[in-house]
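Dear colleague,

I am passing on the structure below, which may be new to you. Please look through it first, and then read the notes that follow.

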Amino acid sequence: MALKRQYDMTSLFSMASMTDVIFLLLIFFMVTSTFVFPTALEVNLPQSSEQTALKPSTRVFVDKNKVIYASFSDDNSEPQPMNLNQLVGFIQTMRAQRQEDFVAIYADEEVPYGTLVEILDIGAKNGLKMVLATKPAPSSAMPQ
């Protein structure tokens with residue numbers, strides 16, 4: 001007579017190690033996503049020995065073809081191309097909605113000085129402080 005087991009054996013899979021791996025991946029992607037610059041515009045910034053600690057939430061980009069883009073950096077939207085008249089409206093809307101004091105300008109090295117002055121003048125007429133963004137200079141080029 002064959003004896004039968006009273007209980008069936010069930011195959012179990014422990015998910016404890018899998019959840020550890022998922023949490024580690026989540027933390028890794030959250031940390032590395034903060035290093036990614038949110039825009040895909042090709043802007044070759046000039047070098048400077050001084051850097052500002054300000055983090056403006058409004059950005060104006062000017063590429064080497066003198067095309068102007070503007071965006072709010074806190075809403076993670078793509079910068080929208082615009083002309084100078086549209087930039088005036090954008091800045092006035094930003095000033096009314098967000099009550100900000102300054103805007104960062106990311107201009108390519110090849111942008112003519114006159115174009116930058118026009119954008120800075122628009123900011124000055126609207127009572128804004130404009131910050132020119134630069135990339136850090138190599139340590140060998142720093143003043144002594």
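Where in the chain is the place of Val111? In this model, which is a predicted one, Val111 lies in the loop between strand 5 and helix 3 (113-125). Val111 counts as buried, because its relative accessibility is 8% and buried means under 20%. Leaving aside residues up to four places away in sequence, Val111 touches Val62, Asp63, Lys64 and Leu116. One of these, Asp63, is 48 residues from Val111 in sequence, while the two C-alpha atoms are 7.1 Å apart in space.

Val62 leads on to strand 2 (residues 58-62), which is mostly covered, with five of its five residues buried. In a regular strand, side chains alternate between the two faces of the sheet. Here Thr58, Val60 and Val62 point one way from strand 2, whereas Arg59 and Phe61 point the other way, and all are buried.

Strand 2 has two pairings that I would like to describe. It runs antiparallel to strand 3 (residues 68-72), to which five bridges join it, and within this pairing Thr58 stands opposite Phe72. The two strands form a hairpin with five residues between them, and in the turn Lys66 has a positive phi of about 65 degrees. With strand 5 (residues 102-107), strand 2 pairs in the parallel sense over four bridges, and there Phe61 stands opposite Tyr106.

To return to Ile68, its contacts, not counting residues up to four places away in sequence, include Val60, Phe61, Val62, Leu87 and Ile119.

Finally, there is the surface to consider. Phe13, Met15, Met18, Val21, Ile22, Leu25, Phe28 and Phe29 make a nonpolar surface patch of about 820 Å². Of these, Ile22 is found in helix 1 (residues 16-33). Is Ile22 buried or partly exposed? Ile22 is partly exposed, because its relative accessible area is 48%, and that class lies between the 20% limit for buried and the 50% limit for exposed.

With best regards

Terms used:
Residues numbered from 1 in each chain as written. Predicted model: local features only at pLDDT ≥ 70, side-chain atom pairs only at ≥ 80, totals over all residues. Heavy atoms only, no water. Patch = residues over 30% accessible without salt bridge, like charges linked within 9 Å, V, L, I, M, F, W, Y side chains within 5 Å. Areas by Shrake-Rupley, 256 points an atom, 1.4 Å probe, with all protein chains shown as cover. Salt bridge = Lys/Arg side-chain N within 4 Å of Asp/Glu carboxyl O. Buried < 20%, exposed > 50% of the residue type's maximum accessible area, 1.4 Å probe, protein only. Pairing = 2+ DSSP bridges. Contact = heavy atoms within 4.5 Å.
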